[in-house]
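Trainee: Could you walk me through this one? I'd like to begin with how the chains meet and then look at some details.

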Amino acid sequence: MKPAPFAYARARTVDEAVALLGEKDAKLLAGGQSLIASLNMRLSAPALLIDINGLGGLDGIAKKGDMIEIGALTRHASAERSDMLAQHAPLIARAMPHIGHVAIRNRGTLGGSIALADPAAELPACLLTLGGEIEVSGPKGRRSVKADDFFKGLFETALGPQDMVTAIRVPAADKDTRTGFAELARRHGDYAIVGLAASAKADGKNLKDVRLAFFGVGATPVRTKKSEAALAGGDVEAAVTALDLDPPDDVQATGAAKRHLAGVLLRRVAKQLMEAR
Amino acid sequence: MSERVLDIALTVNGEPIAERVEARKTLVDFLREDLGLTGSHVGCEHGVCGACTVRVNGTIVRACLMLAVQCDGGRVETIEGLSDSGELADLQAAFEQRNALQCGYCTPGMLTAAQDLLKRAGVPSREDIRAHMSGNYCRCTGYHAIVDAIESVAQARSSSSFRGASTASEPGIQKRALDSGSGASRRPGMTGESR
Amino acid sequence: MKITDDSPPVLSALDRPNSYIGRSVPRPNLHRLTQGRGQYVSDVTLPRMTHVAYLRSPHAHAKIASIDAAAAKKAPGVVAVVTGAELAQVMTPWVGVLTHLKGLKSAPQPPIAVDRACWQGEAVCAVVARTRAQAEDACELIEVNYQPLPAVTDAETALRPETPVIHPSLGDNLCFERKLDVGKVDDAFKEADAVVEATFVTGRHTGVTTEPRAIVADWNEGEQRLTVYQGTQAPHMMQNLFAKHLDLAEHQVRVITKDVGGSFGIKVHTYADEMATAALSKLLRRPVKFVADRIESFVTDIHARDHRIKAKIGVKKDGTISAFEIDDLTGIGPYSVYPRTSGIEANQVVNLVGGPYTCTNYRASARVVFQNKNVMCQYRAVGHPIAVAVTEGLVELAAAKIGMDPLEIRRRNLFSDEGYPAQSAAGLKFEKLSHHESLAHLDTMMNYAALRAEQKKLRVQGIYRGIGFASFIEVTNPSAAFYGVGGAKISSQEGATIKLDAQGSIVVAIGVSEQGQGAEAVIAQVAATSFGVPIERVRVIMGDTDNTPYGGGTWASRAAGIGGEAAWQAGKALRGNVLSGAGAMLQAKPETLDIRNGVVVDAATGTERLPLEELARVAYFRPDTLPAGVQAELMATRHYVPRAWPFAFTNGIQASYLEVDVDTGFVKLLRHWCVEDCGTIINPQLVDEQIRGGVVQGIGAALYEQCLYDERGQMLNGNMADYLVPMAAEMPDIECGHVVSPTADSELGAKGAGEAGTAGAPASVMNAINDALRPLRAQPLTDMPFTPDKILKALGKIA
């Protein structure tokens, strides 16, 4: 299908983008890899598209104190190549090659992925696991929203109608950081049937601060705190048993299968967490 | 400040183009309908099949997931240009010799994506090739011949110390691409457990 | 590396000097495709061309009470808004029946629904505008008042008295029924040492051609002619049908088919929206273009293979198969597709089950029922993937039950390679097959013993690999027995015209057409060999009803066998004509001459006597110098149709080697093999590539593809993110081998090869999965596609 007609504007500054978002039925165009697909299917018919690809200063990756800050307009492909992320945010680096295919990653942005919050997407789960935060710019200026508070429902985030994501921040990894990532997809590059982004801190031979965020299992990425505690206690099987997920059925898999697969992933990721960095 | 129809100026296959275009028109429709460059094909319009793969500012993209207006000031290369410049000559010859195309509809996208892989340093394994090409749908060949053709060109280029046009090798990608293909057999369907 | 070199000619009865038969010559039409300079229908633009978008029913079954198009008519760019009632003035409806499928019935189908929409996706109104986008904008302004009706969406209950009848004039929802009972089936089951029963389900799936269906119809009011650019596999058939339903003479219609972005049977059928587009052009007196987008493709391209088969096999301790029995139920759409009918697939299933085996006791029952879902019809390998899955599934389950190796049970039951002609229990006539030689070749190719040893070793480590096989027969080169006898104007014969041009090159015009399989190359190879010129001096013209002999097109793997033979005969005939003229010019007996490499030569010595350019120059420009009474005929036409055999059966055997992750239910395909006997091989590389492509399509059916419907008749996964097609990363390398049993029904001896890969792949993958899971005592899996969910259930890992 062809998109329904819309008006198009190029924002030159964040403030301008935010102001334009105040117009009726306006949407931001960043990578466009999800938005334009939905326009092409007429699932979405905004009156105005605000192209923010020209906004300067939003595509850097920098270490700021003990945080890694990633500009919202950073393309997945840049993140994939980034030595800074490989070294300081290894979980995100691990997740990147799973996002779609090369051509998608050349355009898609990290900010866009976070703002869309597809339940089967990798980055929201990574952010949740890492206890990251999302920098939001809106009519009243900038604010920081914790990942825990950002993902509210199915494609629903803490972003208000005139807000945009301008950066994401995660704690920089240190020598004790352990990460694990796995997803199951029928085909390379597909959205995951179920996935797990995990992090922990080495505590001698054990783990502490275990954080497990599953994706593809509900409306938002889901932390499984009981399993985290069991895993921190060193008991993988107890962690699996404690998984309190209740995924809905979808066209790719039943909830029962997803629940089972989550357990399988947990066992595999637990092994990754045990490995030294 | 916001318009439904805009004037855009860009280069397409090295040729300066100035056109007036609806904001809603995708890049692939613009190329095909406004410029008559029908070599880029439309297969799904949801960014899955890869038949519309072109190069914008040096990187491969799905032209069905970009608007023409986004390419204002940009540089677009389609199969016609990549072909006429000779950049794809060895890939095209290999595809033809190996019959790595049947109906030819996915082929421009396949060639453009393959070239993107081969511009990187190193010789990709068959598994690497399959992973890189996993975003391009072919219904005719079953992919085996396509992998053969790309593999043969990769080997030929590396043995003659050929370097793909313009871009320097990208060590980060190269390392990860090779890592993902190496080593112990990967469990079916399972991705992400590596290193 | 595996680039196939051009191999030296294989000596055979066909051997001509500089023969191209058996050589992997690269296809002549590839440069334009790799340069992006192909001409697909979706690329065609004509002056004043308009675009049509169809408003489609969101309901599986609904009365169309009213359509208010007032606002749409005034929308920007709109040329016309046309309803089914209006279009009915221009185009007559059609009925998809064939008289030789006794009792097959269907209701008339209009190009655009008139009073009632019968499936979700059926067109209810057409908007013609200057651009497709404008047409779609206007579609959103049309108000249709639907009154939903109960939808028939369960084949199992479609025939129950309480289920609404979709077409009351037909009396019930039964489209077609066939029964077969040969031998002594009940006795055979009683006497069997083991009986295995299973219910096989092949999930409804579809072609997903990379280029969606597209058509440009151009009615020229001044010429009173309709020119249609269409990616059809059967240009002459469509010419006949457009003429018939628009009340035109055939010669008023020209169908042009250039490059086609994949077809696989999808584009051999008659589609309501394509017929409507032609009718709209006539109505509006200007070109109209329709390109199905991917979303509408999923609900309008024919679906296929929606079958539930209850099946049974009886076997003796020594492995002898004593009986097969099947009960096949298939749910199609609300209409039998025209003109090939939606009864053929089930008919093929009945014909083909048990086909490779000598067992003479066979009972089959098949019912084809109407539903309010998308229409269903022939798709690559029609019926074979289903019949082979059932047969080969039962054979391996039986083997497992009696503890026999799966190749061994086949050795004990396959038709012997000697003793042909032979006939199957279902009455299929075999000229010459090579089941045993093929099996032996496969055994060696895959090093079966080593794979079994590897499987055993890995099982101990908790790694579950499986090996599965599928023997099969394949229908190719159909005679009129397939469609013609049933009253369809689908030609089983083929014609080729070859002319010598003034420079000594030949131009071959032929009715078969190209969709990527290499028909053009094969015809060029045959003509070049038969006539005697280098292949660079051959031009092939296809896909134009104005400029090719009347033919059937390309389907049922007939292009090489039937088209090739027509070209072969025409080449011989033209050579004869040329040598006749050369004889007169050289004062030599024509039988002492030959044409080799573009030159008339002395046949015995090879001495060059007269270049073709020179002969043509004289014949065309200086006939005054020819002896009196000599008229050179530098053009020859020959037709060919198989007469000795209703079908040229081929045979083959496939094997799949895979690994099942028993924790996740995911399957990793490690390798695939196919040994195929398609008779004389004209281009080995093209045959292998057809097999590979076919195998992967079959793998799609086994693991990934299914059109999912809910109980309301809504398709749930009609897009490329949710409907999974095989992509490169999950597919295995595929090794191909060959045995050659030429058919004597033609001089070339070529049978067909285009569908064999698809016929056997689903069965071999299924058998491999079950082989992998057997030690875990998993429930055998027979319900395709084999998703992780189903595998986990079979393993008892989920409820």
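Mentor: Let's begin with chain C and chain A, where 31 residues of chain C are in contact with 23 residues of chain A. Keep in mind throughout that this is a predicted model.

Trainee: How much area do chain C and chain A bury between them?

Mentor: Together chain C and chain A bury about 2200 Å², and 58% of that lies on carbon and sulfur atoms. On the chain C side, C:Phe666, C:Leu724 and C:Asp789 supply 22% of the area buried against chain A, which is more than any other three residues give.

Trainee: And how many salt bridges are there across the interface of chain C and chain A?

Mentor: The rule finds five salt bridges across that interface, and one pairing there is between the side chains of A:Arg42 and C:Glu136, with 3.5 Å from N to O. There are also twelve residue pairs in polar contact across the interface of chain C and chain A, both residues being at pLDDT 80 or more.

Trainee: Which helix of chain C gives the most to the side that touches chain A?

Mentor: Helix H4 (132–139), H17 and helix H19 (788–794) of chain C each supply at least two residues of that side, and H4(C) gives the most, with four residues. Sorted by class, the side of chain C that touches chain A has 17 nonpolar, three polar and eleven charged residues.

Trainee: OK, switching to the other interface. How many residues of chain B are in contact with chain C?

Mentor: There, 55 residues of chain B are in contact with 64 residues of chain C, and the two chains bury about 5000 Å² between them, with 54% of it on carbon and sulfur atoms.

Trainee: What about salt bridges and polar contacts between chain B and chain C?

Mentor: Across the interface of chain B and chain C the rule finds seven salt bridges, as well as 33 residue pairs in polar contact, both at pLDDT 80 or more. On the chain B side, the elements giving two or more residues are helix H2 (79–84), helix H3 (89–98), helix H4 (107–118), helix H5 (126–132) and helix H6 (144–159). By class, the side of chain B that touches chain C has 20 nonpolar, 21 polar and 14 charged residues.

Trainee: Which residue does B:Arg24 form a salt bridge with?

Mentor: B:Arg24 forms a salt bridge with C:Asp137, and the closest N and O atoms are 2.7 Å apart. Another salt bridge is made by the side chains of B:Arg126 and C:Asp733, at 2.9 Å from N to O. B:Arg126 lies in helix H5 of chain B and C:Asp733 in strand S30 (residues 733–738) of chain C, so this pair joins two chains.

Trainee: Are B:Arg126 and C:Asp733 buried or exposed?

Mentor: Both B:Arg126 and C:Asp733 are buried.

Trainee: And inside chain C, what does the salt bridge of C:Arg213 tie together?

Mentor: C:Arg213 forms a salt bridge with C:Asp273, the closest N and O atoms being 2.8 Å apart. C:Arg213 sits in the loop between strand S9 (205–206) and strand S10 (214–220) of chain C, whereas C:Asp273 is in helix H7 (residues 272–284), so the pair ties together parts that are 60 residues apart in sequence. Both C:Arg213 and C:Asp273 are buried.

Trainee: How far apart in helix H17 of chain C are C:Glu689 and C:Arg692?

Mentor: They are three residues apart in helix H17 (residues 684–704) of chain C, and C:Glu689 and C:Arg692 are therefore separated by about one helical turn. Their closest N and O atoms are 2.7 Å apart in a salt bridge, and both residues are buried. Over all chains, the structure holds 88 salt bridges.

Trainee: New topic: why does C:Arg363 count as buried?

Mentor: C:Arg363 counts as buried because its relative accessibility is 19%, and the cut-off for buried is under 20%. C:Arg363 lies in strand S17 (residues 362–369) of chain C, and a polar contact of 2.6 Å joins its side chain to that of C:Asp186.

Trainee: Last one, helix H10 of chain A. Which residues there are buried?

Mentor: In helix H10 (residues 225–232) of chain A, A:Ser227, A:Glu228, A:Ala230 and A:Leu231 are buried. They cover an arc of only 165° around the axis, which puts them on the same side of H10(A). The face turned away from that buried side carries the exposed residues A:Lys225, A:Lys226 and A:Ala229.

Terms used: Residues are numbered from 1 along each chain as its sequence is written. Chains are lettered from A and ligands numbered from 1 in the order in which they are written. This is a predicted model: local features need pLDDT of at least 70, side-chain atom pairs count only at pLDDT 80 or more; totals for chains, interfaces and linings use all residues. Side-chain values use heavy atoms; hydrogens and water are left out. Contact means heavy atoms within 4.5 Å. Buried area is the accessible area (1.4 Å probe) that two parts lose on being put together, summed over both. A salt bridge is a side-chain nitrogen of Lys or Arg within 4 Å of a carboxyl oxygen of Asp or Glu. A polar contact is a pair of N or O atoms within 3.5 Å; within protein, one must be able to donate a hydrogen and the other to accept it, and residues adjacent in sequence count only if both atoms are side-chain atoms. Ala, Val, Leu, Ile, Met, Phe, Trp, Tyr, Cys and Pro count as nonpolar, Asp, Glu, Lys and Arg as charged, and the others, Gly among them, as polar. Buried means under 20% relative accessible area, exposed over 50%, partly exposed in between (1.4 Å probe, protein chains only). The arc is that of the directions from the helix axis to the C-beta atoms.
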